[in-house]
There are 2 protein chains.
Amino acid sequence: MTTTSESKVMAEPRISSIDGKLAEEFAVPSHAEEVKEKMAAFARHHDAAGRRVVLITSGGTKVPLESRTVRFLDNFSSGRRGASSAEYFIDSGYAVIFLHRHRSLYPYTRMFSTINMLDALKFRGGEGASSNSGEVVVNQQVLPNIAKALKRYQEVKEGKLLLPIEFSTLSEYLHLLKAAAQALSTIGSKAMFYLAAAVSDFYIPASEMPEHKIQSSNGPLQLSMNMVPKILSPLVKDWAPQAFVISFKLETDATILLDKARRALDTYRHQAVVANVLDSRRGYVVVVTRDTQAELMVTEEDVKNEVEIEERIVSNLTSAHKKFITQQAG
Amino acid sequence: MTTTSESKVMAEPRISSIDGKLAEEFAVPSHAEEVKEKMAAFARHHDAAGRRVVLITSGGTKVPLESRTVRFLDNFSSGRRGASSAEYFIDSGYAVIFLHRHRSLYPYTRMFSTINMLDALKFRGGEGASSNSGEVVVNQQVLPNIAKALKRYQEVKEGKLLLPIEFSTLSEYLHLLKAAAQALSTIGSKAMFYLAAAVSDFYIPASEMPEHKIQSSNGPLQLSMNMVPKILSPLVKDWAPQAFVISFKLETDATILLDKARRALDTYRHQAVVANVLDSRRGYVVVVTRDTQAELMVTEEDVKNEVEIEERIVSNLTSAHKKFITQQAG
């Protein structure tokens with residue numbers, strides 16, 4: 001018997017639960033506890049003020065292929081749905097924890113996402129004037145909605161209605177979502193989880209990850225990726241069992257979408273799935289619950305009037321959440 | 001003999017050149033020709049005005065795993081080096097074609113990258129005033145350098161010194177770089193290529209890519225990725241043989257860095273490699289040429305004085321470019 005095999009015998013038994021896997025294979029971000037306490041305080045404060053609280057996740061997760069990361073796997077997501085939904089939830093009286101990918105679209109600022117900010121600024125006095133006054137103003141011909149957005153942004157900030165939390169990697173996302181679920185468990189059914197982030201299904205465990213940049217001189221790359229634990233399961237069962245939980249299902253193939261949504265509801269026993277197809281996601285979604293199926297859409301006419309589909313999704317879900325709270329209380 | 005084997009016999013011979021591979025396995029962006037003509041006109045115009053022209057590539061490339069892309073492989077790169085270098089090249093009298101990843105850092109606007117723009121705006125009249133005037137101004141306590149940046153941005157725009165071209169995918173990058181090389185070949189040695197983009201070494205050929213989102217229910221993911229053709233080779237040999245070409249080498253392991261830089265120079269016969277290590281890349285680089293090796297760095301004192309290492313890199317390379325032009329002419 002060698003010392004090696006002895007130490008194998010002494011090793012911890014393989015932890016098979018999702019919670020164990022999370023602790024074992026995904027690095028805990030150093031600020032997880034601090035963020036959890038912040039979220040708990042936020043939830044307590046707004047619950048006391050009679051507000052419901054929604055945790056929105058938004059944007060894609062980064063999955064490193066190397067521990068000193070040069071390369072990573074990512075999921076397509078601008079974060080538009082999460083950012084616009086946050087605005088509509090706030091308009092509906094909710095306080096919002098916005099758990100989003102670093103640099104993804106952000107509520108209110110999302111309107112600048114397609115322009116270069118310097119193209120929207122000018123020196124006060126207009127084009128002919130000397131720039132020596134030095135005062136820089138927004139050109140409202142370039143950004144016609146800026147005053148409205150700024151006013152609303154300042155009100156929301158003043159009312160502390162939006163708590164932004166950032167993630168980049170899958171590990172950060174998973175641990176911060178767990179922290180959020182635990183933080184919100186104290187307000188029971190008055191918490192909603194609106195899980196719109198595009199989360200990777202695959203990852204490379206820290207133990208199998210090379211430290212350094214993978215060398216291309218070694219030839220073609222063979223990657224073997226494990227499946228990410230389905231965190232929805234402990235979230236619904238253990239961490240926030242009384243909450244109103246919405247997951248999102250994005251597919252490119254419309255024919256399998258509703259079936260996959262129904263199967264998710266059967267598996268995780270949460271309240272609703274927002275199902276959407278990549279190409280039509282900004283015009284059409286289906287909100288699927290155990291007993292119902294609601295098609296929501298915006299027409300071209302709606303788009304002209306600046307109606308966004310997120311307004312309809314949020315309206316559908318806040319009504320359902322209200323009923324859910326009443327049922328849980330009764 | 002079956003029709004299948006007959007059609008195999010009839011199939012085109014396997015194209016082995018890099019150019020052929022590019023045409024065969026990487027989709028040409030629909031605007032490639034239009035962009036090429038734009039770049040050629042830009043180069044002719046500035047060459048006639050006595051300016052040298054640099055093509056800067058910046059940011060990471062996106063490598064789709066599915067043809068209707070939900071997942072992709074990416075390279076870590078904010079685009080900071082390319083964006084700041086562009087400013088210093090313009091200050092040195094160059095005209096700049098800025099071939100950058102969509103949403104990566106951009107010259108002059110890069111100073112906003114860490115703040116939420118709405119936190120830097122206020123209604124004219126200050127905090128106590130009513131917001132009804134509606135004029136929105138920049139709070140220069142939040143953005144102390146905005147007037148300077150805006151002034152410079154407007155001068156550069158006025159002088160048409162910066163031509164921005166965007167890419168997202170590896171395919172777009174490769175084809176647009178080829179177009180740029182061909183467009184700049186007309187100005188010979190007065191063109192510089194400053195290839196700072198973080199380009200993937202691996203990809204999945206279109207023919208092997210699944211159309212739809214990979215299903216996680218199929219179990220762990222096995223990815224087999226091909227090696228990206230080394231585009232530096234035809235760029236130096238065929239597309240822009242008279243140009244001054246700089247490549248970048250980023251490693252996480254400092255011990256292999258200089259050796260890899262030297263090997264790249266031997267292989268591609270271009271003019272210089274800027275070698276850097278991930279962790280120290282903002283404070284230290286080595287500019288390696290066939291005969292020389294120049295260490296460039298910024299100290300903590302420099303950082304306090306807002307000196308950036310890109311200023312030193314650009315200064316080193318513009319001098320070398322000047323000598324190169326003289327040698328080529330002589």
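Where in chain A does A:Glu306 lie? A:Glu306 sits in the loop between α9 (300-304) and α10 of chain A; helices here are DSSP runs of H or I with at least four residues, strands are runs of E with at least two, and both are numbered from the N terminus. This is a predicted model, where local features need pLDDT of at least 70, side-chain atom pairs count only at pLDDT 80 or more, and totals for chains, interfaces and linings use all residues. Residues are numbered from 1 along each chain as its sequence is written, chains are lettered from A and ligands numbered from 1 in the order in which they are written, and side-chain values use heavy atoms, with hydrogens and water left out.

**Chain A overall**

- Chain A has 10 helices and 14 strands, and its C-alpha trace spans about 85 × 60 × 45 Å along the principal axes.
- Of its 330 residues, 52% count as buried, where buried means under 20% relative accessible area, exposed means over 50%, and partly exposed is in between (1.4 Å probe, protein chains only).
- Take the contacts in chain A between residues at least 6 apart in sequence: 71% of them join residues at least 24 apart. Contact means heavy atoms within 4.5 Å.

**How the two chains relate**

- The same surface serves both copies, as 98% of the contact residues of chain B recur in chain A.

**Helix pairs**

- In chain B, the axes of α3 (residues 32-48) and α6 (residues 170-184) come within 8 Å and cross at roughly 35 degrees. Axes are lines fitted to C-alpha atoms, for helices over the stretch in contact, and angles run from 0 to 180 degrees between N-to-C directions.
- On the α3(B) side the contact uses B:Ala32, B:Val35, B:Lys36, B:Met39, B:Ala40 and B:Ala43, and on the α6(B) side B:Leu176, B:Ala179, B:Ala180, B:Gln182, B:Ala183 and B:Leu184.
- By class, that contact splits into 10 nonpolar, 1 polar and 1 charged residue. Here Ala, Val, Leu, Ile, Met, Phe, Trp, Tyr, Cys and Pro count as nonpolar, Asp, Glu, Lys and Arg as charged, and the others, Gly among them, as polar.
- Over in chain A, α4 (residues 80-91) and α10 (residues 309-329) have axes that come within 9 Å and cross at roughly 55 degrees. That makes α4(A) oblique to α10(A); under 35 degrees counts as roughly parallel, over 145 as roughly antiparallel, 65 to 115 as roughly perpendicular and the rest as oblique.
- The α4(A)/α10(A) crossing is right-handed.
- α4(A) brings A:Arg81, A:Ser84, A:Ser85, A:Tyr88 and A:Phe89 to the contact, while α10(A) brings A:Ile309, A:Glu310, A:Glu311, A:Ile313, A:Val314 and A:Thr318. The classes come to 5 nonpolar, 3 polar and 3 charged.

**Buried spots**

- A:Ala275, in strand β12 (residues 272-277) of chain A, is buried at 1% relative accessible area.
- Neighbours within four places aside, A:Ala275 is in contact with A:Lys249, A:Leu257, A:Leu258, A:Ala261, A:Val285 and A:Val286. A:Val286 is 11 residues away along the chain, with a C-alpha separation of 5.2 Å from A:Ala275.
- A:His100 belongs to strand β4 (residues 95-101) of chain A and is buried too, at 3%. Its contacts beyond four places in sequence are A:Ser58, A:Tyr106, A:Pro164, A:Ile165, A:Glu166 and A:Phe167.
- In α2 (residues 18-25) of chain B, B:Gly20, B:Leu22 and B:Glu25 are buried, and their cover includes α6, β9 (202-203) and α7 (232-239) of chain B.

**Loops and positive phi**

- Most residues other than glycine have a negative phi.
- A:Glu306 has a positive phi, near 60 degrees, and at 58% relative accessibility counts as exposed.
- B:Arg269 also has a positive phi, of about 60 degrees; it lies in the loop between α8 (257-268) and β12 (272-277) of chain B and is partly exposed at 46%.
- B:Thr289 is in the loop between β13 (284-288) and β14 (293-297) of chain B. Beyond four places in sequence, B:Thr289 touches B:Arg262, B:Leu265, B:Gln271 and B:Ala272.

Key. Left-handed = near helix turned anticlockwise from the far one by under 90°.
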